Amino acid sequence: MTGDVTAPEVTVWVDDDRLKTVQALLDMMGASVRPIAFGSPKSHAASEWAQQLDVPMFDDLRQMLVERPSAFVLLGTVQGVSPEDLPMAVAQGSKVIAIEPVGATVAEHVQAYKMVKPADGSTRPPGRIVHAPAFDRSAGFLAAAAPHESLGDHRAVQMTHAGSAASGSMFFRLFDAWISVLDFIELPERIDAELSPVKGSAGVPDDPRLLTGRLTAHARLPGVGSAGVLVSDQAAELTRRLTVVGDQAQLVITAGGYQLTKTDGDVVDHLDAEREPSYLEQLAAQWRRLIDQRTPPPEHRATREQHALACCHACLLSARTGEPESPQRLMEIARV
């Protein structure tokens, strides 16, 4: 699992909640990556793991980034991550793979993506922050190959993003769902949401990282069209499915395949999947594409992520107030 000397190096920042996930992911990646350091805000188990692999252990992310620069930084937790850490990693040329949203707010996201010059004055190409497993980086979504023109206008979009807490947090699911939906529609005018919290929980949290349960949302668009989102971290089966119905065609995408069908029923294009890949398989596949440099960053991705965060907070606010809320207003409050 330590990889060969020619494999790209990776440093790992993780807490106890995601330690097993990160261990399983590195096992799946095998010799294609080479861990050179582990870090954790507080984890005895992570320290034992570092000892077993004979790599240094850090309790300070910035120190790890300075002393052990690497091609990849696997970010299993945002605990102990300061606003300056990720821009520094990107400036060093690292690709940061985050399995949680790096910002809980639009302002935090903007700070994480702030471009800085390398401390050593070098002119190396910058790295980037990659959220994974991103649905719009899945095999099914990538194979669909930009079907926007075939769909036509007046679109209705529905996204389901559900599974157990072990296969991603509720916040990541909501964030990822909106990123995918916003590839096909404009930023909604209003979002009306309802949260069914886990029994015994405090209800609708202020911090989206504390979100758990089942959430549904309905979005109204500036023109004609609408979108619906269903997310849960309490579902028995991992499901990521996007349906777009336009006035010319219908598109259905899963993590493993897709089908584009004209309104008269003729199938324009499709990719059949024998089965849906698991959470870890989707993580590993996205990482391998990054290693092979097969997927350049989607155009305007950072802006779409900011819009997605605004939609997340509009969902939380609506679930709390019982009234539709405006993501554009939340963007303005954040001065973005």
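Helix 10 (residues 301-321) lies across strand 8 and strand 9 (214-220), at about 65 degrees to strand 8. Contact here means heavy atoms within 4.5 Å; axes are lines fitted to C-alpha atoms, for helices over the stretch in contact, with angles from 0 to 180 degrees between N-to-C directions. Helices (H or I, at least four residues) and strands (E, at least two) are DSSP runs numbered from the N terminus. The model is predicted: local features need pLDDT of at least 70 and side-chain atom pairs pLDDT 80 or more, whereas totals for chains, interfaces and linings use all residues. Residues are numbered from 1 along each chain as its sequence is written, and side-chain values use heavy atoms, without hydrogens and water.

An open sheet of 8 strands has the order 8-9-10-7-11-12-13-14 with mixed pairing, two strands being paired if DSSP finds at least two bridges between them. Its edges are strand 8 (190-196) and strand 14 (267-271), each pairing on one side only. Neighbouring strands are turned by 10 degrees against each other on average, direction ignored. Strand 7 (residues 156-164) runs antiparallel to strand 11 and is joined to that strand by 8 bridges; Ser 164 has Gln 234 of strand 11 as its bridge partner.

Strand 11 also contributes to the lining of the largest cavity, as the table shows.

| Element | Residues | Supply to the lining |
|---|---|---|
| Helix 8 | 170-181 | at least two residues |
| Strand 11 | 234-245 | at least two residues |
| Helix 9 | 279-292 | at least two residues |

Among the lining residues are Phe 172, Arg 173, Leu 238 and Arg 240.

Conventions: On a 1 Å grid over the protein atoms alone, a cavity is a set of points where a 1.4 Å probe fits but cannot get out, and a pocket is an open set with protein on both sides within 12 Å along at least five of seven lines; lining residues have an atom within 4 Å of a point.
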